[in-house]
Amino acid sequence: MNPQANAPSPVTAATPRRAATLGTLIEMHDVALTYGTGPTAVVAIHGATCQVATGARLAITGPSGSGKSTLLHLMAGLERPTTGSVTWPALGEDPLGRPGLVGVVFQGPSLIPTLDVAENVALPLVLTGTHARVAHELAMDALDTLEIDELASKLPDELSGGQAQRVAIARAMATRPVLILADEPTGQLDRATGEHVIDVLLEAANMLGAAVVISTHDPAVSDRLTTQWRIRDGVLSTTDPSTTHDRGVTR
Ligand SMILES: Nc1ncnc2c1ncn2[C@@H]1O[C@H](COP(=O)(O)OP(=O)(O)OP(=O)(O)O)[C@@H](O)[C@H]1O
Ligand SMILES: [Mg+2]
């Protein structure tokens, strides 16, 4: 147990007030996304309309190939819709290009093998212009918060699946985002490790005052979240968008 884990930090102190004033984080209107063209084109998302609000605890569930990753990539601004619009009313243009707004936990392994854990976690900060020394401090803060600071100098190859996933979460939270998008964060993990990773993710989001969107095909994961949306063959079924507001229930 890290003795500093309970000490107040800028992460715990500052960000909930910041997030509480933000309003609607993601607004999608009639979004479709087609991969490729001609006879091999795949329509991955059909006419999705939804809103994600500040403080959301949202699960997106659906079988393999239903469009979960595509939807999360659209929400992150990593994919552009073929038709329709995705906007981030509270975050402005290109939210991924600026630190402190959106943190993404990718499906499957995503750490850079030649960088150690601290360097991996610092990378999004460095890439968005944070001074290397400050980026390292923020990375160590995030590792500390997730109680994995002792892994800082290890290479990704030296980590277990659960440890690697926690590092990926630390990387997503190092920029202190107001929105965390996690794509099947427990997909490769056993039940107990997966539960722990969800604990960590929700605790991190609570500390940051961040909204969380998690894609999963596991009911044990989606049941931990306040709101569940389903996607099937690219068609998204949402509940009332207003229910994505934080109702103070996180597990
Ligand atoms: N880069 C791509 N090029 C072409 N087709 C793609 C691409 N990415 C995804 N697809 C297709 O789009 C559809 C949706 O894929 P997506 O990865 O969003 O599903 P998913 O629900 O995340 O699946 P899984 O649970 O297996 O991760 C699938 O038919 C998939 O084959
Ligand atoms: Mg996927």
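Analyst: Two residues are taken to be in contact if their C-beta atoms, placed from the backbone, lie within 7 Å. By that criterion, in this predicted model, 73% of the chain's contacts between residues at least 6 apart in sequence join residues at least 24 apart.

User: How do you know what share of the chain is buried, and how many helices and strands does the chain have?

Analyst: A residue is buried when 20 or more other C-beta atoms lie within 10 Å of its own, and buried residues make up 46% of the 251 residues in the chain. The secondary structure comes to 7 helices and 9 strands.

User: What makes G84 partly exposed?

Analyst: G84 has 16 other C-beta atoms within 10 Å, and since buried calls for 20 or more while exposed calls for 12 or fewer, a count in between is called partly exposed. G84 is found in strand β4, and, leaving aside neighbours within four places in sequence, G84 is in contact with M28, H29, D30, V31 and A32. The C-alpha atoms of G84 and G47 are separated by 7.6 Å, although these residues are 37 apart along the chain.

User: Why are β2 and β4 described as standing at the edges?

Analyst: The open sheet has 3 strands in the order β2-β1-β4, with antiparallel pairing. Both β2 and β4 (83–87) have a single partner strand, so one side of each is left without a neighbour in the sheet. Neighbouring strands here are turned by 15° against each other on average, direction ignored.

User: How do you know how far α2 is enclosed by the rest of the structure?

Analyst: Of the 9 residues of α2, 8 are buried, so the helix is largely enclosed by the rest of the structure. The buried residues are K68, T70, L71, L72, H73, L74, M75 and A76. After α2 comes G77, whose phi is positive, near 80°.

User: Which elements supply the shell around ligand 1, and what makes up that shell?

Analyst: Ligand 1 is surrounded by 15 residues, of which the closest are Y35, S64, K68, S69 and T70. Both β2 (42–53) and α2 (68–76) supply at least two residues of the shell, the largest share, 3 residues, coming from α2. By class, the shell divides into 3 nonpolar, 10 polar and 2 charged residues.

User: Which residues touch the most other members of the largest nonpolar core?

Analyst: Of its 73 residues, V212 and V213 touch the most other members, while helix α5 (residues 161–174) gives the most to this core, with 8 residues. Not counting residues up to four places away in sequence, V213 touches V52, A56, L58, I60, L72, M75 and L181.

Conventions
Residues are numbered from 1 along each chain as its sequence is written. Chains are lettered from A and ligands numbered from 1 in the order in which they are written. This is a predicted model: local features need pLDDT of at least 70, side-chain atom pairs count only at pLDDT 80 or more; totals for chains, interfaces and linings use all residues. A nonpolar core is a set of buried Ala, Val, Leu, Ile, Met, Phe, Trp, Tyr and Cys residues joined through C-beta atoms within 7 Å. Helices (H or I, at least four residues) and strands (E, at least two) are DSSP runs, numbered from the N terminus. A residue is near a molecule or strand if its C-beta atom, placed from the backbone, lies within 6 Å of it. Ala, Val, Leu, Ile, Met, Phe, Trp, Tyr, Cys and Pro count as nonpolar, Asp, Glu, Lys and Arg as charged, and the others, Gly among them, as polar. Two strands pair if DSSP finds at least two bridges between them. Axes are lines fitted to C-alpha atoms, for helices over the stretch in contact, and angles run from 0 to 180 degrees between N-to-C directions.
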